[in-house]
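Here is a short briefing for a reader new to this structure. Please look over the sequence and the model before reading on.

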Amino acid sequence: MKKLQIPWLKKRVVSLKVPITLCLVLFGIIPMFLCTQTILSSVKQTQIDERMVEVQNQCQILSSKIARTGYLSGEDKGSLNSEIETIADVYNGRIVVVNQDFRIVQDTFHIAENRMHIAETVIRAFQGETVSRYNRDKHYFAQAVPIYSLSQDKNIEGVLVMTASTEAMMRLTDAVGDRLVLFQVILVLVLILAAVLAAAMMVRPFKEFQARLHHVEQGALNTDISSEAYRETRDISSSVAQTITKLQEVDQSRQEFVSNVSHELKTPITSIRVLADSLMGMGEVPVELYREFMEDISNEIDRESKIIDDLLSLVKMDKSEAELNITQVNLNVLVEQILKRLRPIANRRKVELIFESIREVTADVDEMKLSLAITNLVENAIKYNMEEGWVRVTLDADHKFFYLKVQDSGIGIPEDVQDRIFERFYRVDKARSRETGGSGLGLAITRNVVLMHKGAIKLSSKEGEGSTFTLRIPLNYIA
């Protein structure tokens, strides 16, 4: 069943500027708001605490005056009442004086005089405590201060209760907070603009790097894409430069391969055409000469056929879906069969073939492909050998790998070209290669076969002293 694709549910690719801008804005806005709220709360609490301390001091002074003037016993209330009224008005509050009978003797609001006032704060004040309470919801606080007598026993004659409002302070603080909000909005807009500009500057090296890559995409492979703005851009540009270099090498190798294929396929055809034209241009051709020309034509056809077969083998191995037909093979028997097939060629060149089997070896391999790889190595060892030389094939194994070594007493390979001998159509001695009928693809095929078996191939050679090819392939093939 085909899944329903909803456009807005598809994964959207956003610019790097977006997360950078968001991070800069968030890391700027959140601390700013937190600091602002903390400062406002601190200012509010500080103002309340200062006002409560100030009111408490005034209450202490009033309580002392009440005790000295005999206010609670009914003496000279006039001047003190005026002072109490003034202090209550200054703090926008209410002052109540309570005697020992819990009866109100003075109320600046003049609504509760002579009434009983029994409250927790009053009772605690009569017990000798100075009580302070703040109501955050209604924005007021109450102070209850005991009034001590002037006698030596310091009896409590009454309680002074003062209630003061903090609404004016709260309104002032809120007004400051409102202005701070406006200031914060302006700062947020400035911060967003600065974050966008900063993100653009931070992303600019990546944009420049992208533009250079675009030039490379259009075919300018020699464009300098190095970027040293950041460590990340430096590492990315270095990796991409290495990739482009490899692509250039691959492209050059492809061009060389096409050129070599064209040349290799054209050479035998040219030879056949020259031989055929020569035969047709002669009047009466002797049988011996005719036979000689036909043998040459047949050899060129065989050479053409071998090049095509080798090319087809390489193409099949290069395919990603190329598979191995893995079976358990006795390698001792396989090597003996290969040497038996190649012995006539060795005899013609007077080269001795030697097989040294250290132990019986059985492995999981593709018999056909591995046989082709070993044949190429041994055949090259025979063809590029000295007259009356030797080729030694050694087979050994351990608990994990088997090792096949092909040594010869031949001409050897110069050290400066040993890294290239596994390239397609590469020949150390082109004249001798054509003389021996080589296509230049044998070692490339051999390496591909070894790699397909998860193995490795190594060359050790010295010019004039022979060569040694060593294969190491796992005994058990793991896909």
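The points below cover a helix, a set of paired strands and some salt bridges.

This is a predicted model. Strand 5 pairs with strand 1 and also with strand 4. The salt bridges come to 13.

**Helix 1**

- Helix 1 spans residues 17-69, and Thr-46 lies in it.
- The side chain of Thr-46 reaches back to the backbone oxygen of Ser-42, at 2.7 Å.
- Thr-46 counts as partly exposed, because its relative accessibility is 38%.
- Val-18 is also found in helix 1.
- With a relative accessible area of 40%, Val-18 is partly exposed.
- Val-18 belongs to a nonpolar surface patch with Leu-22, Leu-26, Ile-30 and Leu-34.
- Together, the residues of this patch have about 470 Å² of accessible area.

- Strand 1 (residues 93-99) pairs with strand 5 in the antiparallel sense, over 7 bridges.
- In strand 5, Gly-158 stands opposite Asn-99.

**Salt bridges**

- Arg-124 and Glu-129 meet through their side chains in a salt bridge, at 2.9 Å from N to O.
- Arg-124 is partly exposed, at 27% relative accessible area.
- Glu-129 is partly exposed too, at 33%.
- Both residues belong to a network of salt bridges that also links Glu-120 and Arg-133.
- Arg-392 and Glu-356 form another salt bridge, at 3.9 Å from N to O.
- That pair links distant parts of the chain, 36 residues apart.
- Arg-392 sits in strand 9 (residues 390-397), and Glu-356 sits in strand 7 (residues 352-357).
- Arg-392 is partly exposed, with a relative accessible area of 25%.
- Glu-356 also counts as partly exposed, at 34% relative accessibility.
- A salt bridge also joins the side chains of Lys-369 and Asp-366, at 3.5 Å from N to O.
- Lys-369 counts as partly exposed, at 22% relative accessibility.
- Asp-366 counts as buried, because its relative accessibility is 4%, and buried means under 20%.

Terms used. Residues are numbered from 1 along each chain as its sequence is written. This is a predicted model: local features need pLDDT of at least 70, side-chain atom pairs count only at pLDDT 80 or more; totals for chains, interfaces and linings use all residues. Side-chain values use heavy atoms; hydrogens and water are left out. Helices (H or I, at least four residues) and strands (E, at least two) are DSSP runs, numbered from the N terminus. Buried means under 20% relative accessible area, exposed over 50%, partly exposed in between (1.4 Å probe, protein chains only). A polar contact is a pair of N or O atoms within 3.5 Å; within protein, one must be able to donate a hydrogen and the other to accept it, and residues adjacent in sequence count only if both atoms are side-chain atoms. Patches are made of residues with over 30% relative accessible area and no salt bridge: like charges are joined within 9 Å, nonpolar side chains (Val, Leu, Ile, Met, Phe, Trp, Tyr) within 5 Å. Accessible areas come from the Shrake-Rupley method with a 1.4 Å probe; for residues, only the protein chains shown count as cover. A salt bridge is a side-chain nitrogen of Lys or Arg within 4 Å of a carboxyl oxygen of Asp or Glu. Two strands pair if DSSP finds at least two bridges between them.
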